[in-house]
Amino acid sequence: MLRLLYFFLISLCSAGQLVAQRKLIVEFRDSDTKKAIPNALLEIHESGAHISANAKGLCSVELVKGNYHLHFSATGFEADDLDITLKNDTSFTIYLKPTFVELKEVLIEEGMSKTTSRKLTQDIERINISETNKTEGATLAEALSNVAGVESYNTGVGVAKPIIRGFTATRISVYDQGIKQEGQQWGMDHGLEIDPFSATRIEILKGAGALQYGSDALGGVVKLLPDPVPDEGISGGYTGMYKSNNNTLGNSVHLNYKNDNHFVSGRLSYQDYDDYRIPADEFTYNGFVLPVVDNRLKNTAGQLLSGRLTYGYLGEKYNLRLMASQYNQKVGLYLGATGIPRAFDLSRIGDVSDIDLPNQDVKHSKLYAKLNVKLKDNWLTTDIGYQENNRVENSNPHAHGFIEIDENDTKALGLNLKTWSLNSSYSWSGEKVKYVLGTNQQFQKNERSGWEYLLPDFETYNGGVFTLLNGDFSEKLSWSGGLRLDFGNINSEQYLQPWYNDLDSLVERSPALNRNFFNYAASLGLSYYPDESWNFKLNLAKSFRVPVPAELVSNGVHHGTFRHEIGNPDLDAEEGYQLDVTAIYQQKAFYVKLTPFVNYFTNYLYLRPSGRFSPLPDAGQMYIYSQTEALHMGGELFAEVHPIERLHISTALEYVYNLNLETQLPLPFTPPLSNLFAMEYDLVKTSKVKCNIAGEYRATAAQNRVDRNEKPTPGYNLFNAKTSIEFLFWKTDVVLGLACRNIGNTAYLSHLSRYRILNLSEQGRNFIVSVNIEF
């Protein structure tokens, strides 16, 4: 059997060599001066392969005949794209338009339909995160928070999840290399199990994404794109960082090897950090003044170890990537985060590097494969993945009135989630219309353990089929549309638990459940571009979201939220109608984008206070998952200007307004009005040396529009600064960076923080030193 499998793989890998090839030659030139553009980049969308132009602006590649989507980019020029049908040897010249705006140097497109930014009917942000920028945020979610409309919900400095336009958890999807990240997203204290060093190219869809990505993408999508195919031979790099606030030491090493059509790449990252400092020596909770010894939040230290290995093959008729990754994180939780804080627990700081109780211990494993197969002239893309998320929350034993427990058993709650997924799409072009036909399939199995109870064992299945269409009404007007049908099933077991006073009696914590959900999503959009400067987009969508088991069958104390949460097994799928508008104006040295949005939900899912106190000790009021009509609207304004070529000035304004139409109160965890103003100046910018200095000012307004029992949060102002120098040393690119976050050591509260309920200030002044070496 093994011999047959080996023979099959060898035959498959050699098959591509037997196909007749055509030569494609591309010449890059400046549209203004008509001069050649050296070192410009040609990328083949279907394989991810990229080819650099020579000093004369020429590059060539051999491909088999068929349809291809090409990307063109160069530093200082607007990126462009082109669809071609390759039948014979072909050569052409591509003229790129000069720009000072770095945002325009990156090609933005919807990957499935291969539709670029100008013709897209929705707003997609594309960011390339440099190795030095990765060191500024402790998590991936924090690294994205400079994008207008994107925030992060934090638990200390090591746990965070992204928020897009006020949506988070199960209303946005995060895709890593084509596979949806699955790690108990319903928990607000559950972060993303993704190494921030591994995120290089990211796309953010703000708005309805349920059509392409399933019901969890109702509010938006974060896509971590596959790394580019490495250059021939051996390449790699090292990134190191130190953060003064909590003595963070971070190291990441990546290595690549490419030989003809085969390549292998790997990355290993490690972070270790102590309890972090805040600009306060006390805080007030429920009228009690409690100490913060040495300005450190006790037991907020953590460790992170992450690794990833990739094998790739680039054939003429297909290309393949096989990937495996492991993410291990252990992080302490502030003593008041899983119960009522008490002065005697906080009066001694102890070892600032020790991870004591309570803490989170998370291990996330992934195996996934990406395969592109050429069927005649078009391409079938398939992503297959398996994930196992093993989350353990450790704490001092407390029974909450149920069962007798071992006083030495610290495993409060264990959640083991296994996920199998398959995503596949086939795209082709007609005479005037592009078509995509696709499917998403996912099966999950969750098993609980520990002496705490929150939700039972469950199994879920979600599957959908969709079609996307797009085309042009004219040279200035494009359209897109689509339809998706989805089916979901949730099956959970009844959970009975003995009452510790009478072990013969049983209490039902959650009923047995077996429910099916069927719904549809649809969208229709227009993009109008009257000239080179203006672009207007309009997108209408009908979306839905299948409830998660936590919303249907949970029944227990959710520590850190200080409440007893109860699911409602009769909830329906969440449905919404969404309108997104985009207006863009651009010139060589100026760019401005306005993106208002309006969402209306007929049955928005939320936690409603019941007005009844929990029978469990230290549990407070009971909150029940309910549904209501809701309005959700707002927008972002981004502008960038270059008064001179070396000076970059930008501003990013964001605002979210929402309303529970039943209670006439705002929805919880709404981001406040915020603006990020940034300036950057290139002190030196040559082919061998680059040096810049930058400053940021973030102004955040008070958030007084809060839900019942949610605290208002005062506004604040923060200043950040950074500088970096890049140079060539022994044919190796070296980047040295120095940054300071919260320069004024400002004491402020974040409305989007788990520690907000404790009135705990966020992290104080933080100096960050980084080094990056690429060879």
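1. A polar contact here is a pair of N or O atoms within 3.5 Å; within protein, one must be able to donate a hydrogen and the other to accept it, and residues adjacent in sequence count only if both atoms are side-chain atoms. The model is predicted: local features need pLDDT of at least 70, side-chain atom pairs count only at pLDDT 80 or more, and totals for chains, interfaces and linings use all residues. Residues are numbered from 1 along each chain as its sequence is written, and side-chain values use heavy atoms, with hydrogens and water left out.

2. Start with serine 626. Its side chain reaches the backbone oxygen of isoleucine 624 at 3.2 Å. The side chain of serine 626 also makes a polar contact with the side chain of arginine 608, at 3.0 Å. Serine 626 sits in strand S38, residues 621-641. Strands (E, at least two residues) and helices (H or I, at least four) are DSSP runs, numbered from the N terminus.

3. Is serine 626 buried or exposed? It counts as buried, because its relative accessibility is 10%. Buried means under 20% relative accessible area, exposed over 50%, and partly exposed in between (1.4 Å probe, protein chains only). Not counting residues up to four places away in sequence, serine 626 touches Leu571, Tyr604, Leu605, Tyr606 and Arg608. Contact means heavy atoms within 4.5 Å.

4. Isoleucine 234 is exposed, at 64% relative accessibility. Its place is in strand S17, residues 233-243. Leaving aside neighbours within four places in sequence, isoleucine 234 is in contact with Asn256, Tyr257 and Phe775. Leucine 255 is 21 residues from isoleucine 234 in sequence and 7.5 Å from it in space, C-alpha to C-alpha.

5. Now the cores. A nonpolar core is a set of buried Ala, Val, Leu, Ile, Met, Phe, Trp, Tyr and Cys residues joined through side-chain atoms within 4.5 Å. The largest has 24 residues; Val26, Phe28, Leu42, Tyr68, Leu70 and Phe72 have the most contacts inside it. At least two residues of this core come from each of strands S1 (22-30), S2 (41-44), S4 (58-63), S5 (66-73), S6 (80-86) and S7 (90-96). Another core, of 23 residues, lies apart from it and includes Ile129, Phe167, Ile194 and Ile202.

6. Leucine 42 has contacts beyond four places in sequence, among them Val26, Phe28, Cys59, Leu70 and Phe72. Cysteine 59 counts as buried, at 4% relative accessibility.

7. For cysteine 691, the nearest cysteine sulfur is that of cysteine 740, 17 Å away. Cysteine 691 is buried, with a relative accessible area of 16%.

8. Salt bridges come to 28. The rule asks for a side-chain nitrogen of Lys or Arg within 4 Å of a carboxyl oxygen of Asp or Glu. Arginine 391 pairs with glutamate 393 at 3.9 Å, closest N to O, and both residues are buried. Arginine 545 bridges to glutamate 551 at 3.0 Å; both of these are buried too.

9. Arginine 515 and aspartate 572 meet in a salt bridge at 3.8 Å, N to O. Arginine 515 lies in strand S32 (513-528) and aspartate 572 in the loop between strand S35 (563-566) and strand S36 (574-587), so the pair ties together parts 57 residues apart in sequence. Aspartate 572 is partly exposed, at 42% relative accessibility. Elsewhere, salt bridges that share partners join Asp123, Glu125, Arg165, Lys206, Asp580, Lys593 and Glu636 into one network.

Key. Disulfide = S-S within 2.5 Å.
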